[in-house]
Amino acid sequence: MIPPFRTPSRALVQAMAVAAGLGLAHAPAALAAGGPFLAHQALYDLSLVKSRGSNAISDARGRILYNFSGNSCEGYTSEFRQVSELDSGEGKVTLSDLRSSSWEDAAGKSYRFKIDTRMNDSETAPVDGVAERVGDHISVKLTQPVKKSFDLDGNIVFPTEQIQHIIAAAKEGKSVLELTVYDGSDNGEKVYSTLSVIGRPIPGDTAPSSPDPSTANDVMKSMTRWPVTVSYYDRDAKAKDGEQTPVYAMSFELYENGVSRALVLDYNDFVISGAMDKFDVKDAKPCK
């Protein structure tokens, strides 16, 4: 079972708006053609949808605060914090506090990240590092939790880059997209295989069944969005009986400018919803 409320690290975190769009064009030109990501701040309220399996929980609550800024010239910066409380019954409550910050080059050439996690007032070693595309591979250098350098396959994408690819695929009418993603999560060495399932586009003039501050915002009213589910798989895990179970899955409605709403986080043993409570468009510096 995933540690309580561990999110797609940032990804998408990112997708959750954690998508910095979190978090994807196949090339910088594709992103420019589709329009820039929106600099914004979003607050999501977390609540338990259902519990299943042997590790049943009685309640879950928390909040996600997500800040995204930047442009295609200077790159994208995101700050993410998720505070969650998981009640397993009989007075057993787990409080987790996940904070992450990152910067990603708009062309997917460089990615800097730092992730801090606290569980029941017990702090774990932070993860701090940088990943750079060099020729046909990605070179990763970690300064924490230990100093270490290693290489990854050049086909792997970073979180904001992942969202760019999902949006590009959605605009092309594709319903399925497979990507391998590196976001610096866990000990800084984890790589995930992902499967994104993209639904039919929802025009901006289509009223949502559950409105929130994003759907009421004047900037967002004309924006097309797509229902998306991204399943994350441990790339190094062995499939059982020919089929691998995702470590976790995220469902959300993704706007063409990178904002995400109507979050659902499925951790296998339990499912959490993230309803947007606040949404603010931030002043964005134009790309020179």
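This note goes through the aromatic contacts in a predicted model.

1. A search of the whole structure returns 11 aromatic pairs. One of them joins Phe113 and Tyr182 in an edge-to-face arrangement, with 5.9 Å from centre to centre and 75° between the planes. Since Phe113 belongs to strand 6 (residues 110-119) and Tyr182 to strand 11 (residues 176-182), the pair ties together parts of the chain that are 69 residues apart in sequence.

2. Both partners of this contact can also be described by their accessibility. Phe113 has a relative accessible area of 3% and is buried, while Tyr182, at 0% relative accessibility, counts as buried too.

3. For Tyr248 and Tyr267, the ring centres lie 6.3 Å apart and the planes stand at 40°, so this pair is classed as tilted; an angle over 60 degrees would be needed for edge-to-face, and one under 30 degrees for stacked. Tyr248 and Tyr267 are each buried.

4. A contact of another kind involves Arg133, whose charged end sits over the ring of Phe158 at 5.1 Å from the ring centre.

Methods. Residues numbered from 1 in each chain as written. Predicted model: local features only at pLDDT ≥ 70, side-chain atom pairs only at ≥ 80, totals over all residues. Heavy atoms only, no water. Phe/Tyr/Trp six-rings, centres within 6.5 Å; stacked < 30°, edge-to-face > 60°. Helix = DSSP H or I, 4+ residues; strand = E, 2+ residues; numbered from the N terminus. Buried < 20%, exposed > 50% of the residue type's maximum accessible area, 1.4 Å probe, protein only. Lys NZ or Arg CZ within 6 Å of the ring centre and 35° of its normal.
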